[in-house]
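Subject: Handover of a structure and its findings

Dear colleague,

Please find below the structure that I am handing over to you.

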Amino acid sequence: MNYVFFGSPDFAAVILEKLISAGFVPAAVVCNPDRPVGRKKVLTAPPVKQLITNGKWQIEIFQPEALSSLISRLSSLKPDFFVVAAYSKIIPKEILAIPRLGTIGVHPSLLPKYRGATPIQSAILNGDAETGVTLYLTDEKVDHGPILENRKWKIGNSTYEQLHDALAKLAGELLVETLPKFLKGKI
């Protein structure tokens, strides 16, 4: 299994950690560049990069401002698939076409409900009783494509932080369960 993981924030780092713990180590990760954070503007790596650099893995890290600069490098890795979780940039069609099996998107809602950047907040604000995570084959539209698998989660009295963390863990577990079936062509 040869794949590249795209993601930057804590949500993505939790998912990536679950994948790596299950033996699904990516060939490379793509995350946002380090950015100044806080009042003192301390240059800080995104959580996905921190996870990789603090770990014992030899995983390439790409932090492009423009994804188009990675086309030849990603192609040379000959990935079977990409996993995209909370990556803040729209991935161009030329990059989505690189992996032979496609790109699996991870979204913290039961798609097509709450496409976009604030699905967890939207579920809470709308008083939904449940939400969940969805794995889907991405296309050039935002949070769009054929659904591979999803899993429901009861919201209850969860705060945003609690729901965020629960959905990240659930997404990682769902990927670990789903990837073997996906690779065997059973999904």
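The notes below take up the sheet, the helices, a salt bridge and a pocket in turn.

Please bear in mind throughout that this is a predicted model.

The sheet

Seven strands make up an open sheet with mixed pairing, and their order is β5-β2-β1-β6-β7-β8-β9. The edges are taken by β5 (60-62) and β9 (147-154); each has a single partner strand, so one side of each is left without a neighbour in the sheet. On average, and with direction ignored, neighbouring strands of this sheet are turned by 15 degrees against each other.

Helix α1 lies across β1 (3-6), β2, β6 (81-85) and β7, and runs at about 155 degrees to β1. Helix α2 (residues 47-54) lies across β1, β2 and β5, at about 160 degrees to β5.

These helices also pack against each other: the angle between α1 and α2 is about 35 degrees, and their axes are 7 Å apart. On the side of α1, the contact is made by Asp 10, Ala 12, Ala 13, Leu 16, Glu 17 and Ile 20, while α2 contributes Pro 47, Val 48, Leu 51 and Ile 52. By class, the residues of this contact comprise eight nonpolar, no polar and two charged.

Salt bridges

The count of salt bridges comes to nine. One of them joins the side chains of Arg 100 and Asp 80, at 2.8 Å from N to O. Arg 100 lies in the loop between α4 (93-96) and β7, and Asp 80 in the loop between α3 (71-76) and β6, so the pair ties together parts that are 20 residues apart in sequence.

The largest pocket

The volume of the largest pocket is about 690 Å³. Its lining consists of 32 residues, and those nearest the centre of the pocket are Ala 86, Tyr 87, His 107, Gly 116 and Asp 143. The elements giving two or more residues to this lining are α1 (10-21), β7 (103-107), α5 (119-125) and α6 (160-183). Sorted by class, the lining has 16 nonpolar, 10 polar and six charged residues.

With kind regards

Key
Residues are numbered from 1 along each chain as its sequence is written. This is a predicted model: local features need pLDDT of at least 70, side-chain atom pairs count only at pLDDT 80 or more; totals for chains, interfaces and linings use all residues. Side-chain values use heavy atoms; hydrogens and water are left out. On a 1 Å grid over the protein atoms alone, a cavity is a set of points where a 1.4 Å probe fits but cannot get out, and a pocket is an open set with protein on both sides within 12 Å along at least five of seven lines; lining residues have an atom within 4 Å of a point. Grid points are joined across faces, edges and corners, and a volume is the space filled by probe spheres set on the points. Helices (H or I, at least four residues) and strands (E, at least two) are DSSP runs, numbered from the N terminus. Ala, Val, Leu, Ile, Met, Phe, Trp, Tyr, Cys and Pro count as nonpolar, Asp, Glu, Lys and Arg as charged, and the others, Gly among them, as polar. Two strands pair if DSSP finds at least two bridges between them. Axes are lines fitted to C-alpha atoms, for helices over the stretch in contact, and angles run from 0 to 180 degrees between N-to-C directions. Contact means heavy atoms within 4.5 Å. A salt bridge is a side-chain nitrogen of Lys or Arg within 4 Å of a carboxyl oxygen of Asp or Glu.
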